[in-house]
Amino acid sequence: MEKLNVTPWEVSGELNDNAYSKLVERFGVDLINDNLLSRIKKIANGKLHPLLSRNVFFAHRELNLVLDDYENGKPFYLYTGRGPSGKMHIGHLLPFTFTLWLQKTFNVDLLIQLTDDEKFLVGSREKSEIEKFTNDNILDIISLGFDPKKTHIIADYKSAKTLYYYATDVAKHITVSTIKAVFGVNDSDNIGKLFFPSMQITPAFLLSALRGKNMRCLIPYAIDQDPYFRVARDVLPKLGYYKPSAIISKFLPSLQGNSAKMSSSKEESAIFLEDSKEQVRKKLMKYAFSGGRDTLEEQRKYGANPDIDFAFLEYSFLEEDQGKVDKVYQEYKSGKILSGEMKEIAAEKISSFLESLKTKKEKMKDKVEEYMFNPEKIKLSN
Ligand code: TRP
């Protein structure tokens with residue numbers, strides 16, 4: 001079997017439950033336990049975001065310290081990001097729905113980084129192409145409804161002046177051998193890859209630096225991003241800041257199964273945000289990895305396995321009414337709901353989510369500037 005290798009720039013090997021346990025151990029992160037979940041639930045008035053209740057966000061680092069600060073009335077902030085390497089599909093956007101939920105629940109500032117420089121240095125895209133994706137991805141993200149007063153989008157090339165200034169502080173504390181070991185960089189790689197991690201680490205203390213007061217930073221990310229923040233936890237105390245805390249997800253399921261990341265390279269490989277209702281339905285019917293049985297008879301008799309079923313999973317990530325999700329789960333598992341019906345239910349949910357996003361996106365077109373990172377604005381809003 002292919003060796004399990006997970007870094008921000010390469011993911012290989014099969015990602016099953018066992019693989020996640022290995023990564024948890026290898027990376028030294030903690031699992032989110034019931035105690036943490038109930039603390040969050042209490043703060044969120046008894047509700048949990050589906051990605052949390054369904055254990056997609058499953059691990060953390062010092063999340064408890066962030067909750068302590070929150071409960072003691074001390075401010076903290078959120079930081080997350082995206083590499084703008086293509087159009088966004090639903091698997092890319094879902095983690096942002098979770099971050100939005102966190103922002104609303106805790107009413108805190110949020111930095112969102114778009115690493116256009118990273119996508120230029122790693123991979124073979126033209127800058128002009130990356131810039132197009134950056135602008136389009138920003139629009140998709142803000143259409144979810146982030147608070148413009150508290151949300152600051154860092155597009156690396158555009159925000160480079162401020163970012164670079166602080167990134168050099170980070171770079172000064174990282175050796176070449178650390179980057180080689182943690183990121184799998186080797187001697188024939190371009191030198192940009194050695195420096196770039198400083199750019200992704202910087203937002204983990206940037207708000208504290210600009211405001212001149214120390215705040216904890218909580219970073220939601222998929223587990224392949226852990227190398228950045230492992231290094232960040234080493235470096236930030238040396239600069240006088242807190243180690244960043246993390247809330248870490250598994251990869252979201254892909255349309256065609258195989259428990260890998262939903263890939264954006266092929267049209268039929270994912271559900272894109274711009275897909276029409278009919279396209280969503282068709283893709284689900286034609287390609288969605290199913291937890292159902294081979295024949296109708298077997299399915300009625302033995303039921304499906306919802307836990308590996310793309311349609312069920314997507315539905316469950318978008319439906320906030322936990323009661324409804326539980327009911328569908330039971331009925332699908334028992335054979336009462338069939339695979340085709342499950343796909344119809346999911347198609348309905350996904351396309352109504354996408355429709356409302358499209359409407360909002362149109363209105364957001366001239367609001368983008370309000371969201372863009374501005375160091376002066378950040379200092380003033382202190
Ligand atoms: N490197 C990430 C990617 O390629 C983007 C990113 C930047 C990010 N900062 C982040 C992701 C913070 C999660 C958290 O997708």
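The model is predicted, and local features are reported at pLDDT of at least 70, side-chain atom pairs only at pLDDT 80 or more, while totals for chains, interfaces and linings use all residues. Residues are numbered from 1 along each chain as its sequence is written, and side-chain values use heavy atoms, with hydrogens and water left out. The chain divides into domain 1 (5-255) and domain 2 (267-363), bounds that come from an automatic or database domain assignment.

**Overall fold**

- The chain holds 19 helices and 9 strands; these are DSSP runs numbered from the N terminus, with helices (H or I) of at least four residues and strands (E) of at least two.
- The radius of gyration is 21 Å, close to the 21 Å given by the globule rule for 382 residues, so the chain is as compact as a globular protein of that length. This radius is taken over C-alpha atoms, and the rule is 2.2 Å times the number of residues to the power 0.38.
- Along the principal axes, the C-alpha atoms of the chain fill a box of roughly 65 × 50 × 45 Å.
- Of the contacts between residues at least 6 apart in sequence, 78% join residues at least 24 apart; a contact means heavy atoms within 4.5 Å.

**Surface and charge**

- Buried residues account for 53% of the 382 residues. Buried means under 20% relative accessible area, exposed over 50%, and partly exposed in between (1.4 Å probe, protein chains only).
- The chain exposes about 17,800 Å², of which carbon and sulfur atoms supply 49%. Accessible areas come from the Shrake-Rupley method with a 1.4 Å probe, and for residues only the protein chains shown count as cover.
- There are 56 positive and 53 negative side chains, and the centres of these two sets lie 3 Å apart. Lys and Arg count as positive and Asp and Glu as negative, without His or the chain ends; each charge is placed at NZ of Lys, CZ of Arg, CG of Asp or CD of Glu.

**Domain arrangement**

- The centres of domain 1 and domain 2, taken over C-alpha atoms, are separated by 28 Å.
- Domain 1 contributes 22 residues to the contact, and domain 2 contributes 31 residues.

**Histidine 49**

- Histidine 49 sits in the loop between helix H2 (34-43) and helix H3 (50-53), and counts as buried at 3% relative accessibility.
- Beyond its neighbours within four places in sequence, histidine 49 is in contact with Thr97, Phe98, Trp101 and Phe317.
- Glutamine 322 is 273 residues from histidine 49 along the chain, yet their C-alpha atoms are 9.5 Å apart.

**Asparagines with positive phi**

- Most residues other than glycine have a negative phi.
- Asparagine 55, in the loop between H3 and strand E4 (57-61), has a positive phi near 65°. Asparagine 55 is partly exposed, with a relative accessible area of 38%.
- Asparagine 107 also has a positive phi, of about 50°, and lies in the loop between helix H5 (90-106) and strand E6 (110-114).

- Valine 280 belongs to helix H13 (residues 277-287) and is buried, with a relative accessible area of 0%.
- Not counting residues up to four places away in sequence, valine 280 touches Ile271, Asp275, Ala347, Ile350, Ser351 and Leu354.
- Apart from neighbours within four places in sequence, the contacts of leucine 354 are Ile271, Phe272, Leu273, Asp275 and Val280.
- Leucine 354 is 8.4 Å from lysine 277, C-alpha to C-alpha, at a sequence separation of 77 residues.
- Lysine 343 is also placed in helix H17, and at 10% relative accessibility it counts as buried.
- Lysine 343 touches Leu284, Met285, Ala288 and Ala311, leaving out residues up to four places away in sequence.
- Lysine 343 and lysine 282 are 61 residues apart in sequence, and their C-alpha atoms are 9.7 Å apart in space.
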